[in-house]
Amino acid sequence: MGKNDLKKLFSTFKKEDFFNSVNLHIHSNYSDGMNDFDELVIQAKNKNLKYFSITDHNCILGYKNTKYIKDKALITGVEFDCFYRMSLLHILGYGIDIENEKINNLCAKNEKEQRNDFIRLLKSRHPKNVINAIHDAGGIAVLAHPCCCNVISLDNFVKNLVSLGLDGIETYYPYDRFRSVVKFSSRTQPFHLAQKYNLIQTGGSDCHGDLQM
């Protein structure tokens, strides 16, 4: 599926889809999740998900080793750790060519860079390089869980990322499960920013164990 086709597909998803039939943010044990990649694919199929993406940190090995790579419901994905304007952020890449040289060069070189929070921070990437690599691989770049970014103005932060080529923003995300306090922005703000900057809206459970919706 090409970049434009993927954008069109994502634009058809509605709020209820992200709580029932679409999950674009899942982690396997190739990064900091607990379950095997193929096991998660089976769980997704058992839950009758129409579309899903396993987005391991700085790693696409799951896609290179899975027997489900041609499953039409499985959208290739990755989550890169980045650092920008004094804030840690995560950028999701969807629909990427897993053989793309730039993507592979950005991926972790060992398990610690995939699983260890501290090492991942030290090895964080510049978002411009990440966004460019995702585009070069035919994919779209999405800001993950934006309300987790420790920035005073999320609007200005997103605006700057858009100038670097950002395509989308994760608007459907279970903040209550992963962050007890959203420090600098309300959980409704990403929806407004998506409209303001004409960004694709995505969502997912960010599960690190059994698949949750």
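Which residues touch the most other members of the largest nonpolar core?

## Nonpolar cores

L89 and I103 do, in a core of 46 residues. A nonpolar core here is a set of buried Ala, Val, Leu, Ile, Met, Phe, Trp, Tyr and Cys residues joined through side-chain atoms within 4.5 Å. Buried means under 20% relative accessible area, exposed means over 50%, and partly exposed lies in between (1.4 Å probe, protein chains only). Another core lies apart from the largest one. This other core has 15 residues, among them F13, L24, I75 and Y172. In soluble globular proteins, nonpolar side chains tend to be buried together.

L89 touches F80, D81, C82, F83, Y84, L143, C149, F157 and L161, leaving out residues up to four places away in sequence. Contact means heavy atoms within 4.5 Å.

## Basis of the model

This is a predicted model: local features need pLDDT of at least 70, side-chain atom pairs count only at pLDDT 80 or more, and totals for chains, interfaces and linings use all residues. Residues are numbered from 1 along each chain as its sequence is written, and side-chain values use heavy atoms, with hydrogens and water left out.

## Aromatic pairs

The whole structure holds 10 aromatic pairs. Rings of Phe, Tyr and Trp (its six-membered ring) pair if their centres lie within 6.5 Å; planes under 30 degrees apart count as stacked, over 60 as edge-to-face and the rest as tilted. F18 and Y172 are stacked, at 4.9 Å centre to centre and 25 degrees between the planes. F18 sits in the loop between α1 (3-12) and β1, and Y172 in strand β6 (residues 168-172), so this pair ties together parts 154 residues apart in sequence. Helices (H or I, at least four residues) and strands (E, at least two) are DSSP runs, numbered from the N terminus. F18 is buried at 5% relative accessibility. Y172 is buried too, at 13%.

Y172 also pairs with F191: the centres are 5.2 Å apart and the planes at 75 degrees, so the pair is edge-to-face. F191 is partly exposed, at 26%. Ring pairs join F10, F13, F18, F19, Y51, Y94, Y172 and F191 into a cluster.

## Salt bridges

How many salt bridges does a search of the whole structure find? There are eight. The criterion is a side-chain nitrogen of Lys or Arg within 4 Å of a carboxyl oxygen of Asp or Glu. K7 and D167 meet at 3.7 Å, N to O. K7 lies in helix α1 and D167 in the loop between α8 (154-163) and β6, so the bridge ties together parts 160 residues apart in sequence. K7 is partly exposed at 28%, whereas D167 is buried at 9%.

D71 bridges to K45, with the closest N and O atoms 2.7 Å apart. D71 is in the loop between α3 (61-65) and β3, and K45 is in helix α2; the two are 26 residues apart in sequence. D71 is buried at 17%, and K45 is partly exposed at 41%. D81 and R120 form another bridge, at 3.1 Å between the closest N and O atoms. This one connects strand β3 with helix α6, across 39 residues of sequence. D81 is buried at 2%, and R120 is buried at 4%. Salt bridges link D32, D81, D117 and R120 in a network.

## Surface patch and positive phi

F83, M86, L88 and L121 form a nonpolar surface patch, with about 390 Å² of accessible area together. Patches are made of residues with over 30% relative accessible area and no salt bridge: like charges are joined within 9 Å, nonpolar side chains (Val, Leu, Ile, Met, Phe, Trp, Tyr) within 5 Å. Areas come from the Shrake-Rupley method with a 1.4 Å probe; for residues, only the protein chains shown count as cover. L121 belongs to helix α6 (residues 117-122) and is partly exposed at 37%.

M86 is in the loop between β3 (77-84) and β4 (87-94). M86 is exposed, at 72%. Its phi is positive, about 70 degrees, although M86 is not a glycine. Most residues other than glycine have a negative phi. D206 also has a positive phi, about 55 degrees. D206 follows β7 (200-203) and is buried at 5%.
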